[in-house]
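This briefing is meant for a reader who is meeting the structure for the first time. It starts with the two chains taken one by one, and then turns to their contact and to some local details.

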Amino acid sequence: MLIKLARQSLWNRRSTAIMTLFSLTISLVLLFGIDHLRKEARQSFTSTISGTDLIVGARSGQLNLLLYSVFRIGNATANVNWATYQRISKHPQISWTIPLALGDSHRGYRVLGTNNDYFVHYRYANQQSLRFSEGQAFEGVYETVLGAEVASKLGYQLGDEITLAHGVGAVSFSEHKDKPFTVTGILAATGTPLDQTVHVSLEGIEAIHIDWQQGAPMPGRKLSAEQALQQDLTPKAITAFMVGLESRMATFVVQRQINEFKGEALSAILPGVALAELWQMLSMVENLLLLITLLVLVAGLVGMMTTLLASMKERQREMAVLRAVGAHPWYLFVLIQLEVLLLTVLALLAAAITLVVTLWGLQDTLASHYGLFITINPFSLQSLYWAATVLMVSALLACIPAFTAYRRALNDGLAIRL
Amino acid sequence: MTGIKPVTDKPKIPAIELKNVVFYYRRGGWQLSLPELSLPPGQHLFIKGASGSGKTTLLNLLAGIISPRQGEIKLNGEPFSSVSAAKRDTLRARHIGVVFQQLNLISYLSVLDNVLLSAHFAGSNKQTSEQRARVLLQRLGLEPELFEQQAAALSVGQQQRVAIARALLTEPALLIADEPTSALDADNRDSFMQILLEQANACGTTVIFVSHDPGLRRYFDKQLDMQHLAQGVKSC
């Protein structure tokens with residue numbers, strides 16, 4: 001009977017109840033949605049690179065090195081000598097290395113010069129290796145493998161020819177027009193900056209710069225694509241390289257050895273540690289976002305209480321009748337609490353459904369346009385905690401109108417106040 | 001005879017009994033005093049009083065919403081005013097029916113659910129209560145097709161009858177009616193009074209009827225005037 005009363009009473013005030021439900025649902029969708037996105041963003045962020053034990057570049061801060069080598073943000077301050085790279089990669093503890101040469105771009109997308117070890121050893125997310133959605137790795141000097149987003153955004157297919165530009169701007173005035181690259185492979189989407197990368201061989205990078213000096217074409221010396229192939233295309237320097245060790249136990253030893261390398265000033269960083277440091281900086285924004293969401297939720301809950309409190313006046317009659325037929329004041333208290341609980345639970349359910357449907361609808365768009373891979377299931381143990389907290393807070397806030405009902409029941413008794 | 005009281009003597013226990021009852025909100029202010037009132041089962045009382053004469057206070061006392069400052073009220077021979085508020089609520093649910101001036105019903109519940117409210121709080125069996133509610137509603141002249149309708153859809157006269165059905169559902173010892181006819185026209189008023197007393201008699205219920213309308217006095221065997229009870233400054 002109590003539940004029936006609460007239910008029918010709410011139904012009787014359905015227009016306001018639905019609006020309350022609506023606003024509460026919106027704030028809950030925001031809360032759960034942002035919480036979910038936050039986790040997914042962190043997940044996707046930290047899953048950018050995995051399986052790599054060290055990243056080595058010219059001496060610099062670890063964030064700078066991480067940003068340009070993994071996230072393709074910013075630029076290296078100096079290069080690593082090819083000879084140095086060769087020496088270090090022969091270190092007995094080192095199992096594999098991936099050379100990285102950055103500095104060129106194609107229509108705003110960064111070009112990465114590397115070798116085939118990249119496609120073999122690079123791991124992201126949960127030790128996932130790279131997969132080709134079409135084609136295969138490059139073999140020739142003028143061949144390229146595109147990240148998923150580059151291919152889909154620019155509409156490239158296997159066999160298309162692209163030209164690289166010097167520098168990393170979206171619009172470049174110095175292009176390597178004379179030496180076009182043919183697309184031989186397109187990588188499957190990974191949800192990492194890799195999707196926005198154009199991969200070529202180190203020799204390719206060397207070839208397009210062979211007639212360049214100090215970042216500009218050398219006047220009077222122009223080599224065609226075929227002529228360049230005849231030259232020695234062994235790179236003179238690379239930007240950075242990734243290292244996989246035989247045993248992770250050796251990480252700190254090798255790191256120290258590289259940092260103390262006599263021939264050149266180098267920095268070796270642990271990607272995990274650097275990622276954590278970077279995320280800490282970003283988590284400020286993340287926490288701010290969460291705070292705003294919580295405030296929206298509080299506004300929603302307070303709105304619900306205001307509506308209930310306002311409805312108490314028109315419900316005095318109802319309360320007096322219940323008192324007259326023998327309801328204890330606590331019964332009225334519980335009745336109001338139950339209504340609030342009913343509203344909150346309904347709002348939670350509505351929010352859950354809305355969120356799942358929205359994510360389901362947006363998943364493809366997010367993945368293809370933003371490289372964000374969001375799982376549809378936004379619920380974890382933590383969202384249960386959230387839900388429980390929301391229920392508790394609303395029950396707590398509901399004490400205000402509920403206590404009003406209780407007190408009025410005691411004071412007014414059977415008095416008729418219209 | 002001074003021997004053992006026979007069980008059949010039960011009717012002699014008054015439905016409600018007030019002794020030396022005094023109530024005031026503030027000491028030295030307006031106060032209500034009722035030295036003696038005892039109503040045997042089935043005997044009805046007409047209380048004449050205009051609004052502001054302490055009528056609501058008296059009703060709250062009789063219904064057990066408030067307790068007297070002095071004196072005692074007994075319901076069915078059992079202590080009523082001296083027990084806890086929660087116990088009084090339960091006793092009210094079981095032994096007292098209340099009919100207000102108007103708007104007696106919870107508008108969004110069906111007619112039947114409104115009647116069954118009293119059974120719910122009295123803790124009676126749901127099935128037998130529902131059967132009884134249907135019979136009672138029909139005896140009060142309400143068509144069965146109205147039973148499932150929302151209470152708000154009924155006319156004022158019909159609503160007041162539903163209120164009687166609710167008040168009498170648990171066969172209470174006492175029915176408190178607070179100007180239940182004030183919203184009715186003359187014809188409806190008379191039929192309402194007849195039906196109220198007829199059904200109350202059938203249940204053996206004592207009716208305490210409060211009204212400022214002296215025209216209703218003739219239905220009752222006993223009368224009390226609020227003016228004799230209230231003393232001091234008027235409350236409002």
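Of the 418 residues of chain A, 38% count as buried, while of the 236 residues of chain B, 45% count as buried. The model is a predicted one, and the points below are grouped by topic.

**Chain A as a whole**

- Chain A contains 13 helices and 17 strands. Its radius of gyration is 31 Å, well over the 22 Å that the globule rule gives for 418 residues, so chain A is more spread out than a compact globule.
- The C-alpha trace of chain A spans about 105 × 45 × 30 Å when it is taken along its principal axes.
- Among the contacts in chain A with a separation of 6 or more, 78% are accounted for by residues 24 or more positions apart.

**Chain B as a whole**

- Chain B has a secondary structure of 7 helices and 10 strands. The radius of gyration of chain B is 18 Å, close to the 18 Å that the globule rule gives for 236 residues, so chain B is as compact as a globular protein of that length.
- Along its principal axes, the C-alpha trace of chain B spans about 55 × 50 × 35 Å.
- Of the contacts in chain B between residues at least 6 apart in sequence, 78% join residues at least 24 apart.

**Where the chains touch**

- The contact between the chains draws 26 residues from chain B and 18 residues from chain A. On the side of chain B that touches chain A, the elements that give two or more residues are α1 (55–63), α2 (85–95) and α3 (111–122) of chain B.
- The residues on this side of chain B divide into 15 nonpolar, 8 polar and 3 charged.

**Two packed helices in chain B**

- Two packed helices are described by the angle between their axes and the distance between the axes. For α3(B) and helix α5 (residues 156–168) of chain B, the axes come within 7 Å and cross at roughly 35°, and the crossing in which α3(B) passes α5(B) is right-handed.
- From α3(B), the residues V111(B), N114(B), V115(B), L117(B) and S118(B) take part in this contact, and they meet V162(B), A165(B) and R166(B) of α5(B). By class, the residues of the contact of α3(B) with α5(B) divide into 5 nonpolar, 2 polar and 1 charged.

**Buried and exposed sides of helices in chain A**

- In helix α1 (residues 2–12) of chain A, the buried residues are L5(A), A6(A), S9(A) and L10(A). These residues cover an arc of only 125° around the axis, which puts them on the same side of α1(A).
- The exposed residues I3(A), K4(A) and W11(A) are carried by the face of α1(A) that is turned away from its buried side.
- Helix α11 (residues 316–324) of chain A is mostly covered, with 7 of its 9 residues buried. The buried residues of α11(A) are E318(A), M319(A), A320(A), V321(A), L322(A), R323(A) and A324(A).
- After α11(A) comes G326(A), which has a positive phi near 110°.

**Residues with positive phi in loops**

- Most residues other than glycine have a negative phi. R107(A), a residue other than glycine, has a positive phi near 45°, and its place is in the loop between β3 (94–106) and β4 (109–114) of chain A.
- R107(A) counts as partly exposed, because it has 16 C-beta neighbours inside 10 Å.
- E179(B) is not a glycine either, and yet it has a positive phi of about 45°. The place of E179(B) is in the loop between β7 (174–178) and α6 (186–203) of chain B.
- E179(B) counts as buried, because it has 20 C-beta neighbours inside 10 Å, and 20 or more is the cut-off for a buried residue.

- L196(B) is found in helix α6 of chain B, and it counts as buried because it has 27 C-beta neighbours inside 10 Å.
- When its neighbours within four places in sequence are left aside, L196(B) is in contact with I164(B) and V207(B).
- L196(B) and A177(B) lie 19 residues apart in sequence, and the distance between them in space is 9.8 Å, C-alpha to C-alpha.

Key
Residues numbered from 1 in each chain as written. Chains lettered and ligands numbered in written order. Predicted model: local features only at pLDDT ≥ 70, side-chain atom pairs only at ≥ 80, totals over all residues. Contact = placed C-beta atoms within 7 Å. Helix = DSSP H or I, 4+ residues; strand = E, 2+ residues; numbered from the N terminus. Nonpolar A, V, L, I, M, F, W, Y, C, P; charged D, E, K, R; others polar. Rg over C-alpha atoms; globule rule 2.2 N^0.38 Å. Buried ≥ 20, exposed ≤ 12 C-beta atoms within 10 Å, placed from the backbone. Axes fitted to C-alpha atoms, helices over the stretch in contact; angles between N-to-C directions. Left-handed = near helix turned anticlockwise from the far one by under 90°. Arc of directions from axis to C-beta.
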